[in-house]
Amino acid sequence: MKNFVYNTPTKVVFGKGVEEEVGRLVREFGGHKVLLHYGGGSVERSGLLGRIRKALEKEGVSRVELGGVVPNPRLSLIREGIELGRREGVDFVLAVGGGSVIDSSKAIGYGLADGGDVWDFYERKRKASTCAPIGAVLTIAAAGSEMSSSCVITNEEGWIKRGYTSELSRPRFAVMNPELTLTLPAYQTASGCVDILMHTMERYFYHSGGMELTDGIAEALLRTVMKNALVLRDDPACYEARAEVMWASSLSHNGLTGCGTDGGDWASHKMEHELSGLFDVAHGAGLSAIWGSWARYVYRNAPARFARFAQKVMGVSGGGTHEEMAEKGIEAMENFFRAIHMPTSLAELGVHPTEAQIRDMAEKCIRGVGGPVGVVRPLEVEDIMEIYKKAQ
């Protein structure tokens, strides 16, 4: 077991109608003037933004607004938000949306409080020393950004997607009403479920350390998400399933399922970041498209771990070597992805990269982390290229 620090300062307010408490929560955490940050027109059409505005007005919290966040949030809008926030004297950033909106809000928070060019943090040129306080009203269960210390943004100059992690950016509060996810399209719901699964699976496939309790929590979370993803495929209006998945999205990425480990592998995520940075695909769908190829490339370096995954998570029974069980588990997970209509190859994702694009993604992946990617089998450029090719 590795030493660890588990820090979960985010206050969670969960259940029906809890968005009405936003104004009180902003006040509780010292906010007086809010940058209200969101994505497209759905939050306006649904009436959610109207309820948020009223909740803020009720508590005497003033606001400025910036919409327009898109999936794989753009650096240009973040810079616009930083400039707006500085000009208007904003002291709190309130994200209303999913992971892209929350990640964009975190980046704005860094820029508001820390000065300089915010992209420097994502390029590992300097470390943040402070961040404006963030609050989140979650509308999509997927990224887990509402309780995490990380955020991922995309620089349109070169279409480079990079993440930055710091405890400074954990939201002060997360307002989570599963009702707000009831109208999500089936593809977005399924893609979100894959992202939740992968946040735990990346941690589950570690190289060293580990605790039986942490493994058990991770395995239960994975089984719960898979069960409820199938429920939502057939009954999108099931509140109980929406609630299970929404809570899992937070627990999958707040550090709980990595306690006592070396942190996990994360190669699939890093490779997908380059994929979605270049081709602008949905993050969860990109993960399902490449995970099987990654797993088959590396499982012989940790056959017992993959065999446990097959048995404890995928329910594979019977005998066989660790390698045989691992292969059955990988196949079972890909079958699950297909069952919720997620792609298991780049072709199914609608992406057909050229040889030059594959090399470009692989090289950017290595540059993004400053060396080999992953811990189960540390991957160099040629390894990553091979996985992309096998995923085609």
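The model is predicted, so local features are given only at pLDDT of at least 70 and side-chain atom pairs only at pLDDT 80 or more, while totals for chains, interfaces and linings use all residues. Residues are numbered from 1 along each chain as its sequence is written, and side-chain values use heavy atoms, with hydrogens and water left out. Helices (H or I, at least four residues) and strands (E, at least two) are DSSP runs, numbered from the N terminus.

**Helix H13**

- The 18 residues of helix H13 (residues 322–339) should span 26 Å at 1.5 Å a residue, and the end C-alpha atoms are 25 Å apart, which agrees; the expected span is 1.5 Å times one less than the number of residues.
- Buried residues of H13 include Met325, Ala326, Gly329, Ile330 and Glu334, where buried means under 20% relative accessible area, exposed over 50% and partly exposed in between (1.4 Å probe, protein chains only).
- Among the elements that cover these buried residues are helix H7 (186–204), helix H8 (212–234), helix H11 (283–298) and helix H12 (303–312).
- Just after H13, His341 takes a positive phi of about 65°.

**Second largest pocket**

- His341 also belongs to the lining of the second largest pocket, together with residues including Tyr187, Cys193, Arg233, Arg242 and Ile340; a pocket is an open set of points on a 1 Å grid over the protein atoms alone, where a 1.4 Å probe fits, with protein on both sides within 12 Å along at least five of seven lines, and lining residues have an atom within 4 Å of a point.
- H7 gives the most to this lining, with 5 residues, and H7 and H8 each supply at least two.

**Strand E5**

- In strand E5 (residues 134–138), 5 of the 5 residues are buried, with Ile134, Ala136 and Leu138 pointing one way and Gly135 and Val137 the other way.
- Strand E4 (residues 92–97) runs parallel to E5 and is joined to E5 by 5 bridges, and Leu94 has Gly135 as its bridge partner; two strands pair if DSSP finds at least two bridges between them.
- E5 also pairs in the parallel sense with strand E8 (residues 173–176) over 4 bridges, where Val137 stands opposite Val175.

**Val152**

- Val152 lies in strand E6 (residues 150–155) and counts as buried because its relative accessibility is 16%.
- Leaving aside neighbours within four places in sequence, Val152 is in contact (heavy atoms within 4.5 Å) with Pro73, Asp103, Lys161, Arg162, Gly163 and His273.
- Val152 and Pro73 are 79 residues apart in sequence and 7.8 Å apart in space, C-alpha to C-alpha.
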